[in-house]
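Trainee: Could we go through this model together, with a few questions about its enclosed spaces and its strands?

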Amino acid sequence: MRQSSVKRDSIITFGISFVLFVYEVFLSRFFSAILAYNFVFIAISLATLGAGFGGYVAYRSGVAIYRACYLWLGMFAFAMLSAVFMMYILPFRGMWFYTVAAFPPFLIGGALIAAILQANYRQLHVVYFSDLVGAGLGAVCSVWFMNILDPVQTIFLLGTVVLLISFVLIVKHSSLRLKIIYILVLIIAIYNIIEPYNKEMIFRAFTTSPNHVFNNRSGVKSVFSDWNSLAKTDVYDAGDGELLYITIDGGAVSPISKYTGNLKQVDYLTGTTSYLAFQDILKERALIIGAGGGQEVLTAQIAGFKQIDAVDINEGSFKAVQKMSHFSGDVFHQKGVSAFVSDGRTFIRQTKNQYDVIYLSLVKKESENGLGIALTENYLFTQEAIEEYIKKLNPGGRLAFLLHDEAEMLKVENAAEKVLQARGVQESKTHEHMAVIGTYHHLGHIVWGMNKTVITRPLLIISQNPFTEQNARQLKTEAENIQQIPLHVPFIADRLSTIKDYLKKDNLDLLSNQDDKPFFYQKSKGVPNSLLWLLACVFVISLLFIRKKRLPYGSIVYISGIGIGFMIIETTLIQRLILPLGHPIYAFVLVLSVLLVSGGIGSMVSSHWSSSRSRRFSPLLWVAVLTIGLNLLISWYQKEMIYLPLLIRLMLGVIVLVPLGFFMGMPFPFGLSLLSKRQVSISWAINGLMTIAGSLLAVLISINLGFTATLVIGASVYGLLYLFQPRLNMEG
């Protein structure tokens, strides 16, 4: 293999891996806007199976794909552009449609990378270095691109660049017909960059609120849209003159009230359940987590609060309210109001303020799934979170949650009970610190029993001090005056036990969550059947690939173990670092970029790390040891280092992750080096399938045992491979 061809192939591999990873991040953002909860993860997992199938295609085709690699590069770009365009312009079609539509780019890209790895058999460590570094930098740049442009335009820009490169490389050797096809597609793609179609065409793939509430109604128009790496934020004008409506990823509708500076203009907010959270306490400073369209800020002002801190992780919400300032009165920039773009847990840990009330209002829609790479949850409802909120309350202060349904309310209530008991409150007295008000109507709309719930939008109030009988009677009277339903008020009404008994028949998981198991929206006991079926599907496909391919048994075990262990560790580390870094995007970018880039460096030097069948490959042991140590370090880090500036926290994260990534990049090219040239592409396919299995296992184990146990299991996979490697027949 000539040195020039290795360099060329490494560059192509880098580019494909870079763009393919950005495409995967795009899918997570796209699917989060249209699919519910676990289905985001499932759809992406099924689509990325294409990379494994691509390895099989490369195995079957021999050298054909490698010889036509420039053309396959163009096919990859065209498939990606076509998939994004089709998914965007069509109305919602269901998970299986999006899985099939998103599949071809992974298939073509995976086949091309596998073919290049096979062709560069003697320089595997170099090409694999390019693959990992390309993916790592793709993780960094995907977020940056999507915040500057938007997810759709990011894919079209990168796809056009790849298509143009492919055209330049094949133009001398292609037919006239192929040249015409390339030119026509390039003209359309370049024109789209200048005049983006997604700026002119309404997004109709929603299956949630915008589609049901807004898009199918006459007279409704979209007046603002912002789509970044975190969320798709839209504002709709329904023509009623009093409210605009923000939607986040197609759900989590948050109204913007018409406001010109006179609070009497919005006095109807005194009739909402939220208003009760701000009553019967001192009214110096309030904290609102999940500020949305600003109604809670106005509610707190009506209640008489002088200082209000409004926190929201989605900058798009603040942009929307400011953009609509002629209507909203730019509520977040009024006197006495301070707005912060931050995760609620990070803010509460870093602020030096104490509050009379801390209020969380429907802070996360149930279908939101972060980046979609893992079953991402937030940490706002765990026992540790409630403990931190209560510590930030002034004497006599209150913590309040507006939740979606009775199951969420009972999970938070159970967590609050444990926190109160840890603070010295007797178990029999914890109910005296809590009150629950059910919502009968909201802004004139009847919502009681909506979505077949027993309680709709319950308000849970947790008081630092126990309610007095006078406090309780006043709360009950105020709730009834605005036609809301007192479900639990100390000394007066208690229906919590009745609700718990009712929910038992649904076999729901109502246990409180901890930071190590923060899966608040996992309400059913056990694990989702959909994930189990997907895992079974992955293993069945893997067995079909392995059958009759004459791979050594030991290599199958080794390659599969590396894929599973790598993804268990990587996926869980993203979850573990969300809390100490304060944002899922920071954790995503840091873990993937550092592990992949440093892993690429490890791959580059792996050929010098001598080993044989009779000698254990020591990097496997280093991965196991470093993973255990890193887990212990993160537990200390998230408690002690949160007060440091973000840049310092990120730099410390890089320092502790680099050694782990360096050694994680070595075992795979080492395993491939023991095989024959013909076996490389099918091994790539098996490893790709096992990375999907690893990410699924990470989710399933985390739900049941927690993140700490999951990392220990991931480390154990590498440890077992180290112990048994000399006994594995890995040479092909």
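Predicted model: local features only at pLDDT ≥ 70, side-chain atom pairs only at ≥ 80, totals over all residues.

Trainee: Let's begin with the cavities. How many cavities of 30 Å³ or more does the structure hold, and how much space lies in the largest cavity?

Mentor: Counting cavities of 30 Å³ or more gives four. For the largest cavity, the space comes to about 780 Å³.

Trainee: Which residues are closest to the centre of the largest cavity?

Mentor: The lining of the largest cavity has 34 residues. Helices that each supply at least two of its residues include α1 (3-34), α6 (124-148), α21 (553-581) and α26 (680-705). Closest to the centre are Phe-21, Glu-24, Ala-135, Met-567 and Thr-691.

Trainee: How many residues of that lining are charged?

Mentor: The lining of the largest cavity includes 20 nonpolar residues and 11 polar ones. That leaves the charged group, which numbers three.

Trainee: Now to the strands. Is strand β2 largely enclosed or open?

Mentor: A residue counts as buried when its relative accessible area is under 20%. In β2 (residues 232-237), six of the six residues are buried, so the rest of the structure leaves this strand largely enclosed.

Trainee: Which residues of β2 point the opposite way from Lys-232, Asp-234 and Tyr-236?

Mentor: In a regular strand, side chains alternate between the two faces of the sheet. In β2, Lys-232, Asp-234 and Tyr-236 point one way, and the residues on either side are all buried. Pointing the other way are Thr-233, Val-235 and Asp-237.

Trainee: What is the bridge partner of Phe-224 in β2?

Mentor: Strand β1 (residues 221-227) runs antiparallel to β2, joined by six bridges. These two strands form a hairpin with four residues between them. Within that pairing, the partner of Phe-224 is Val-235.

Trainee: And which residue takes a positive phi in the hairpin of β2 and β3?

Mentor: β2 also pairs with strand β3 (residues 243-248), antiparallel and over five bridges, and Asp-237 has Leu-244 as its bridge partner in β3. Five residues lie between the strands of this hairpin. The residue with a positive phi, near 85 degrees, is Gly-239.

Trainee: Last one: which element gives the largest share of the lining of the second largest pocket?

Mentor: That pocket holds about 800 Å³ of space. Its lining has 39 residues, with Asp-226, Trp-227, Asn-228, Ser-229 and Lys-319 nearest the centre. By class, the lining has 18 nonpolar, 11 polar and 10 charged residues. The largest share, four residues, comes from β1.

Methods: Residues numbered from 1 in each chain as written. Heavy atoms only, no water. 1 Å grid on protein atoms, 1.4 Å probe; cavity = no way out; pocket = protein on both sides within 12 Å on 5 of 7 lines; lining within 4 Å. Points joined across faces, edges and corners; volume = space filled by probe spheres on them. Nonpolar A, V, L, I, M, F, W, Y, C, P; charged D, E, K, R; others polar. Buried < 20%, exposed > 50% of the residue type's maximum accessible area, 1.4 Å probe, protein only. Pairing = 2+ DSSP bridges.
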